[in-house]
Amino acid sequence: MAIILDGKKLRDKLLEGLKNKLASYKIMPKLVVILVGDNPASQIYVNNKKKTAEKLGIESVVVNYPDNISEAELLAKIAELNEDASVNAILVQLPLPAHINKQNIINAIDPIKDVDGFTPQNFGKLLSGEKPYVYPCTPKGILILLDEYGIDVAGKHVVVVGRSNIVGKPLSVMLLNLNATVTVCHSHTENLSEITKTADVLISAAGKKIIEDCMLSKDSVVIDVGIFKDEFGKTRGDVEFDSVSKKAAYISPVPGGVGPMTIASLMLNTVELFDIQNKRSCD
Ligand code: NAP
């Protein structure tokens with residue numbers, strides 16, 4: 001039976017450390033989350049982020065807009081938050097309604113307040129091997145989780161399923177920067193299972209149930225990023241957990257794996273941005 005990569009336990013440990021660190025702060029970091037529309041999943045994610053921030057004493061403000069807000073109004077709000085010295089971190093909850101150009105909104109965030117690491121400046125630095133202000137939350141959380149369990153990716157073949165700007169692409173680059181040999185798969189990839197079988201570490205971020213035990217080699221490491229509701233309303237990941245956990249050496253569960261690590265990374269990033277803006281050393 002595979003060892004479970006316990007994201008909840010590690011999240012709690014990281015947040016405890018952060019809480020202790022923040023105990024010495026005279027001013028608390030401030031995170032502003034912009035939420036557009038009433039997508040129920042987005043509302044749950046934003047509430048979780050707010051609750052976690054509040055437990056740490058991080059000031060957290062959610063700015064809610066109706067679905068029909070214009071791109072110009074949203075850009076004006078971001079410009080205002082960029083100028084507001086009391087705001088350290090800005091997060092725009094995705095997805096946005098179709099009439100708003102997502103990239104225009106992301107591009108408008110001041111890179112030093114870009115808590116997701118999605119702006120062209122931060123993403124570009126990541127690509128060139130320089131240090132961005134902060135690393136994207138989900139990839140960062142996955143790498144912290146692997147590190148906690150002593151899983152070194154250097155020289156290993158890591159197969160990433162998914163190439164989105166928020167997970168697959170930045171994660172692949174971060175893995176390359178750690179000297180992994182990386183293969184990125186997507187919906188046009190032919191013979192997916194022939195590729196996944198060659199993985200030492202298999203990371204799936206497709207958002208659908210696609211990974212079965214016959215698609216991996218024995219004793220590999222399996223990270224499940226996917227989160228979706230099945231036909232019975234139950235939260236599921238990309239990986240067929242019961243069979244895969246009998247073959248893999250390590251597996252991250254859904255829920256309780258990558259999700260909590262993403263939230264922990266968001267909190268770490270908020271404090272890192274605060275420290276950079278206030279020139280404090282990050283210990
Ligand atoms: P996304 O933008 O929809 O990207 C999905 C990726 O999977 C795309 O690159 C797509 O290929 C690829 N794909 C889809 N079907 C495939 C198939 N049959 N074979 C191979 N590749 C396939 O999604 P995302 O934002 O990256 O998120 C992915 C999943 O992770 C979702 O379930 C999301 O909810 C979850 N997620 C979880 C966390 C967390 O904290 N746990 C954070 C972020 C996202 P194409 O590019 O060719 O379309």
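Which residue forms a salt bridge with Lys13? That would be Glu148, and the closest N and O atoms of the two are 2.8 Å apart. Before going on, bear in mind that this is a predicted model, where local features need pLDDT of at least 70 and side-chain atom pairs count only at pLDDT 80 or more, while totals for chains, interfaces and linings use all residues. Residues are numbered from 1 along each chain as its sequence is written, and side-chain values use heavy atoms, with hydrogens and water left out.

Back to that first pair. A salt bridge here is a side-chain nitrogen of Lys or Arg within 4 Å of a carboxyl oxygen of Asp or Glu, and by this rule the count comes to 11. Lys13 sits in helix 1 (residues 7-22) and Glu148 in helix 6 (residues 137-148), so the pair links distant parts of the chain, 135 residues apart. Helices (H or I, at least four residues) and strands (E, at least two) are DSSP runs, numbered from the N terminus. As for exposure, buried means under 20% relative accessible area, exposed over 50%, and partly exposed in between (1.4 Å probe, protein chains only). Lys13, at 48% relative accessibility, counts as partly exposed, and so does Glu148 at 37%.

Helix 1 has another link of this kind to look at. The side chains of Lys21 and Asp275 meet in a salt bridge of 3.2 Å, N to O. Asp275 belongs to helix 10 (residues 258-277) and Lys21 to helix 1, so the pair ties together parts that are 254 residues apart in sequence. Both Asp275 and Lys21 are buried.

Lys209 counts as exposed at 52% relative accessibility, whereas Glu240 is partly exposed at 25%.

Zoom out to the domains, whose bounds come from an automatic or database domain assignment. The protein is divided into domain 1 (28-110) and domain 2 (137-259), and their C-alpha centres lie 28 Å apart.

Next, the strands, which pair if DSSP finds at least two bridges between them. Strand 2 (residues 30-36) runs parallel to strand 4, and four bridges join them. Leu31 stands opposite Ala89 in strand 4. From strand 4 (residues 89-92), Ala89 and Leu91 point one way and Ile90 and Val92 the other, and all are buried.

Strand 5 (residues 157-161) and strand 6 (residues 181-185) also run parallel, joined by five bridges. Look for Val160, whose bridge partner in strand 6 is Val184. The chain crosses from strand 5 through helix 7 (residues 168-177) to strand 6 in a right-handed β-α-β crossover (with the strands pointing away from the viewer, the path from the first strand over the helix to the second runs clockwise).

Finally, the ligand. A polar side-chain atom of Arg163 lies 2.7 Å from an oxygen atom of the ligand. In the side chain of Ser164, an N or O atom is 2.5 Å from a ligand oxygen. Lys208 brings a polar side-chain atom to 3.2 Å from a nitrogen atom of the ligand.

Key: A polar contact is a pair of N or O atoms within 3.5 Å; within protein, one must be able to donate a hydrogen and the other to accept it, and residues adjacent in sequence count only if both atoms are side-chain atoms.
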